[in-house]
Amino acid sequence: MSSSNTDTATYRLERESLDLRFRSATLTGREWLSEHYVRVRVEGEELAGFGSTGHDDHIRIFLPDERPDTVDELRQAPSREFTPLAWGTTAAGSPYLDLEFALHGDEGVASVWAQRAPLGAFCGVGGPRGALRVEGEPDGWLLAGDETAIPQIRRYAQLIPEDAPALILVEVRGAAHQLKIDAPVPVEFVNRGGAFPGTALADALGQMDEDDRPGEDPFVFVAAEQAIVKPARALVVDRWGLDLDRRVIKGYWKSGDTEYHAAH
């Protein structure tokens, strides 16, 4: 029997549908957190009211060459899905949205835009159309992912109580690419070097056993290249005996497929 019987569970995941909105914004700031990782800020009056009450949601960023006249034109522009990191209002009263980008050189329209777009450049923001919320208090936490999952790991880490057992694993290229992540427990970085993305993280998960489980019924979030799904499920189901209904395991991207995005 699964150790996470829903009758005795200390938490549940609730999904919320949201009205899909499209907003216009402009690039107002760029902060390099490492050589291949950048945080940007976009602002615009249409961002007023942006956000959800959830802990896990996604938006689509549209990057047209020129500012479109209609939403239909905007939706035809190149776009990618991202996790919104933070949003609110600046001291000057301007609504803002912060995003983080794991860069891939000249591969991908979003990577190029994040690196090189001039301040004042236009972008469109679609969504979020839905959100996931953690209701209750898990008795433990496992957060694991590669660079693309760092924004979502940051958001989940804010929910971890100071005294809760928790493991946070982040795969990066090497020591120079380790980022500061605010969390109540130390973040363990797994350096992949020249290995295929996700390989080092999969190896780390593969070495974990029952003694490594943080709590009896932990919340688990794992996201990286699509190949991470199988080893993550093997850990959660086969070795920890947990159900998948209240865990989040996703391939955030797929090698060789720039148009791929995980279902949300």
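Predicted model: local features only at pLDDT ≥ 70, side-chain atom pairs only at ≥ 80, totals over all residues.
Let me start inside the sheet, where strand 5 and strand 9, the latter covering residues 122-126, run antiparallel and are joined by 3 bridges. Within that pairing, Ile61 stands opposite Val125 of strand 9.

Is Ser79 buried or exposed? Its relative accessibility is 13%, and because buried means under 20%, Ser79 counts as buried. The side chain of Ser79 makes a polar contact with the side chain of Arg60, at 2.8 Å. Leaving aside residues up to four places away in sequence, Ser79 touches Arg60, Ile61 and Phe62.

Now to the sheet as a whole, which is an open sheet of 7 strands with antiparallel pairing, in the order 6-5-9-2-3-8-7. Strand 6 and strand 7 are the edge strands, each of them pairing on one side only. If direction is ignored, neighbouring strands of this sheet are turned against each other by 35 degrees on average.

Moving along that order, strand 9 is joined to strand 2, residues 22-34, by 5 bridges, and these two strands run antiparallel. Gly124 of strand 9 is the bridge partner of Ser24. Packed on the sheet we find helix 2, residues 109-116, which touches strand 2, strand 3, strand 6, strand 8 and strand 9, and whose direction makes about 70 degrees with that of strand 2.

Ser94 sits in the loop between strand 7, residues 86-89, and strand 8, residues 95-102, and at 16% relative accessibility Ser94 counts as buried. Which residues does Ser94 touch, not counting those up to four places away in sequence? They are Glu43, Gly44, Gly88 and Thr89.

His104, for its part, is placed in the loop between strand 8 and helix 2, and with a relative accessibility of 40% His104 counts as partly exposed. The C-alpha atom of His104 is separated by 40 Å from that of Ala9, the two residues being 95 apart along the chain.

Let me finish with the other helices.

Helix 4, residues 199-206, and helix 5, residues 229-239, have axes that come within 9 Å and cross at roughly 10 degrees. Why do we call helix 4 and helix 5 roughly parallel to each other? Angles under 35 degrees count as roughly parallel, and helix 4 and helix 5 are therefore described in that way. Helix 4 contributes Ala202, Leu205 and Gly206 to the contact, while helix 5 contributes Pro231, Ala232, Leu235 and Arg239. By residue class, the contact of helix 4 with helix 5 divides into 5 nonpolar, 1 polar and 1 charged.

Notes
Residues numbered from 1 in each chain as written. Heavy atoms only, no water. Pairing = 2+ DSSP bridges. Helix = DSSP H or I, 4+ residues; strand = E, 2+ residues; numbered from the N terminus. Buried < 20%, exposed > 50% of the residue type's maximum accessible area, 1.4 Å probe, protein only. Contact = heavy atoms within 4.5 Å. Polar contact = N/O pair within 3.5 Å; in protein donor to acceptor, adjacent residues only side chain to side chain. Axes fitted to C-alpha atoms, helices over the stretch in contact; angles between N-to-C directions. Parallel < 35°, antiparallel > 145°, perpendicular 65-115°, else oblique. Nonpolar A, V, L, I, M, F, W, Y, C, P; charged D, E, K, R; others polar.
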